[in-house]
Amino acid sequence: MDLTETVRISVRSLQSHRLRAALTVVGIVIGIAAVVTFATFGASLKADVVSEIEGSSANELYLVATERDESGFGDVGQPVFTEYDLAQVRDIEGVQQVVPRGLVPVSALTSGNRTVARRQVTATNATAFERATFDDGRAFRNGAEEAVVNVPGARLFPGNLSAGDSLTITLASGERRTVTVVGVVNGTGGQLPFSSFSDQPRVFLPADPFYNSVVESPNAVANQRVYPQLTVVTDPGDTTATKERVREYFASSRSDAAALIPDGYEVTAQTNADLVERIERIVSRLTRFVTGIAVIALVVGAVGIANIMLVSVTERTREIGIMKAVGARSRDVMELFLVESVLLGAFGALLGVPLGIAGGWVATRYAEIPLTLAPGWAAVAVVVGVLVGVVAGLYPAWRAARVDPIDALRYE
């Protein structure tokens, strides 16, 4: 039988049972749409995360002390980096700048008539703002009773904080300190790239005089401030080699961190490239897992096609007998039913892909991230839809081809 004629007969058969065919296609549409939706959302999430990280300077090393089985992605780790370590790292070849970061426990922030509960603010030094963009004002001066807030932090208070406003900080001990807000910043250097994702309100204070976490330096033999995070800005053309030199320093007995770090912990030094590779791997695994769950809907759709085709074989037994009586071969009959099942799968895929893209768009709008299409997954979805039709139609087609024409003609 000619393929064109086979397709024409298949389409006519499906049209004669429009409602049944439509309900069968719905199962495939739901499965394909679910796969494309999750794949699109995963691709969008990965692209957004990677763009956030790559938007940071490529020549920065992020150092934290974390447990050996942890990734070191958190905002803070164990405080092990002393002022002595900062001075030693500054002298390492290829290092241009060292930015420490610590946390100051607080209970509240007050400006004007508004008091906001907060658990902590960030302590650092003026070098964190050397490449920052200020909406208003400037960086604080080390040793001064001054503060810098980010844009969300400024919005905590009526009328928004601006340079020159006073801010009263209630420390966890109950002591109240009043500082002058000298700048409103869009972003700072020296923070882990992941710190910017949450877009949380942040207040930055100079480590001197607000940061009081101290420890006795094993090498300097004196009490010094100790920080949980360092950012090392390197020579852009020597980042990899500088990273190894910094690692060697913290692995040696010359560093305070090597003596202060708890058992089971280690100092991790990661660049943006390291973070991008790791986060891409994590998001890809999550996307594959969630998409795999959506494939279950495709299996349900395949069962629906198989069921409807078996019903069709039973209903059309007499038609099959007539076809064979006038010369149709078993192969022609099998081909006819296979084409019908493939058409059902293909229609489901073609309808499911745009529906899935629309679902991905809705998900990205809800998550407030840019839409990034996953054309590879869309192509796979169409192919899978066709394959589902083939696989689901094989047994019914084989069963139809085995119908005896004499028995079929007697069938009522």
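Visitor: What length does helix H11 reach from its first C-alpha to its last?

Guide: This is a predicted model, where local features need pLDDT of at least 70 and side-chain atom pairs count only at pLDDT 80 or more, while totals for chains, interfaces and linings use all residues. Residues are numbered from 1 along each chain as its sequence is written, and side-chain values use heavy atoms, without hydrogens and water. H11 (residues 375-401; helices are DSSP runs of H or I, at least four residues) has 27 residues.

Visitor: Where does H11 bend?

Guide: The bend is the angle between axes fitted to the seven residues ending at a residue and the seven starting there. In H11 it is about 40 degrees.

Visitor: How are H1 and H10 oriented to each other?

Guide: The axes of H1 (residues 3-16) and H10 (residues 330-367) come within 9 Å and cross at roughly 60 degrees. Angles under 35 degrees count as roughly parallel, over 145 as roughly antiparallel, 65 to 115 as roughly perpendicular, and the rest as oblique. H1 and H10 are therefore oblique.

Visitor: Is serine 44 buried or exposed?

Guide: Serine 44 is found in helix H2 (residues 18-54). Buried means under 20% relative accessible area, exposed over 50%, partly exposed in between (1.4 Å probe, protein chains only). At 1% relative accessibility, serine 44 counts as buried.

How values were computed
Helix = DSSP H or I, 4+ residues; strand = E, 2+ residues; numbered from the N terminus. Expected span 1.5 Å × (residues − 1). Axes fitted to C-alpha atoms, helices over the stretch in contact; angles between N-to-C directions.
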